[in-house]
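Trainee: I am new to this structure. Could you take me through some of its features?

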Amino acid sequence: MPNPRVFVTRHLPGDALDLLAEQTDVTVWPHELPPPRDELEREAARSDGVLTLLTDRIDDDILKKSPRLLVVSNMATGFDNIDLEAASRHNVLVTRTLGVLSATTAEFTIALIFAAARRIVEGDRVVRSGEWKTWGPEVLLGRDLSGATLGIIGMGGIGREVTHRALALGMRVVYFSRRSKPALERRYRMEFLGLDELCRESDFISLHAPLTTETRHVVNSRTLAIMKPTSILVNTARGALVDQGALYQALSEGRIGGAALDVTDPEPIAPNDPLFSLPNVIVTPHIASASVATRSRMARLAVQNLLEALAGRLPKHAVNREIARAWRQRVRKRGVAIRSKMMERPA
Ligand code: DGY
């Protein structure tokens, strides 16, 4: 039986690709930019599995043209780049790299909160441009984190890690999520609020929700209008959680205090976007999970998910688990030859 054929849409950090090459016939897209649509379509059509990144759109059309495809392993915790409903309809398993990036993303979130609150990027700009004249009692005054209220929208693994760190900094934490989490509330001394109440009460608002039809533009002209004029918005989740036009309006009219965005809509954001005309905006290039160790862990877990799926085992991080039975039948019928050597679970 031939090895299963796998397509990986970019070179990956660490030893993940070596592990994959030991057990599959793997093709890696060698360029810095994502494979264009026609290439992705061509490769997916002849593969048993694809390992995708959040920049690769897997939609119904691609899935329809890929009758061999058994699994899409996404190297991300988010999976809004994949049409999940279509994948389930075609009995294609979708997996993600849940958990391994939560601490790293939370650290970056806190870094952005600090950077915006204490005007670190602005300060660097002032010094570099020669605008800094002298130490002054009113130069670049920022806001303290200690004693401030942090409102977290979306209380999954990353939201929890942010909470933990924020409490250590003396912040009060309130949150809004699809469901309240009483056990977490007891453990972390935090409070569940309605969305509007959270917007009204928070000094900092940090987004950690997945992008879905319900959460798209959760930050919009209405919610921005009820935020404090000093509040700072931080987004390390997905750009489309924020209506960026409304955000620009609110910032330029001084209706909120600032924004720190690791994610934008679209990505990359145009260099002439009006947001860049505002000094109280920080934008970074979707790097919240980008530490050496975490990106290697993500790559390993994505490979592990892919190999487990090709061996006919349901990976722990399968998203559309409800198709397990029909999917297993497809794997069995196809008889893909994975030796399924168990890899050690990434920490
Ligand atoms: C994810 O995993 O969804 C992140 O956005 C990648 O950093």
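Mentor: We shall talk through a helix, a pocket, the ligand and some backbone details of this predicted model.

Trainee: Let us start with α6. Which of its residues are buried?

Mentor: Helix α6 covers residues 120-128, and its buried residues are E122, G123 and V126. Seen down the axis of α6, these buried residues fall within an arc of 100°, so they line one face of the helix.

Trainee: Why would residues a few places apart point the same way?

Mentor: An α-helix has 3.6 residues a turn, so residues three or four places apart point the same way.

Trainee: And which residues are exposed on the other side of α6?

Mentor: Those are I120 and R128.

Trainee: What follows the helix α6?

Mentor: G130 follows α6, and the phi of G130 is positive, near 80°.

Trainee: Changing topic: what is the volume of the second largest pocket?

Mentor: Its volume is about 240 Å³. The pocket is lined by 19 residues, and the closest to its centre are A116, R119, I232, G257 and N280.

Trainee: Now the ligand. Which residues surround it?

Mentor: The ligand is surrounded by L54, A76, T77, G78, L101, R238, H286, S289 and R295.

Trainee: How far is a ligand oxygen from the backbone of T77, and how far from that of G78?

Mentor: For T77, an oxygen atom of the ligand is 2.6 Å from a polar backbone atom. For G78, the distance from a ligand oxygen to a polar backbone atom is 2.9 Å.

Trainee: What about the side chain of R238?

Mentor: An N or O atom in the side chain of R238 is 2.7 Å from an oxygen atom of the ligand.

Trainee: You listed H286 around the ligand. Where is that residue placed, and is it buried or exposed?

Mentor: H286 is in the loop between β12 and α12, the latter being residues 292-310. Its relative accessibility is 19%, and since buried means under 20%, H286 counts as buried. H286 also has a positive phi of about 50°, although it is not a glycine.

Trainee: R189 has a positive phi as well. Where is R189 found, and is it buried or exposed?

Mentor: R189 lies in the loop between α8 (182-188) and β8 (191-192). R189 is exposed, with a relative accessible area of 67%. Its phi is near 50°, a positive value in a residue other than glycine.

Terms used: Residues numbered from 1 in each chain as written. Predicted model: local features only at pLDDT ≥ 70, side-chain atom pairs only at ≥ 80, totals over all residues. Heavy atoms only, no water. Buried < 20%, exposed > 50% of the residue type's maximum accessible area, 1.4 Å probe, protein only. Helix = DSSP H or I, 4+ residues; strand = E, 2+ residues; numbered from the N terminus. Arc of directions from axis to C-beta. 1 Å grid on protein atoms, 1.4 Å probe; cavity = no way out; pocket = protein on both sides within 12 Å on 5 of 7 lines; lining within 4 Å. Points joined across faces, edges and corners; volume = space filled by probe spheres on them. Near = heavy atom within 4 Å. Polar contact = N/O pair within 3.5 Å; in protein donor to acceptor, adjacent residues only side chain to side chain.
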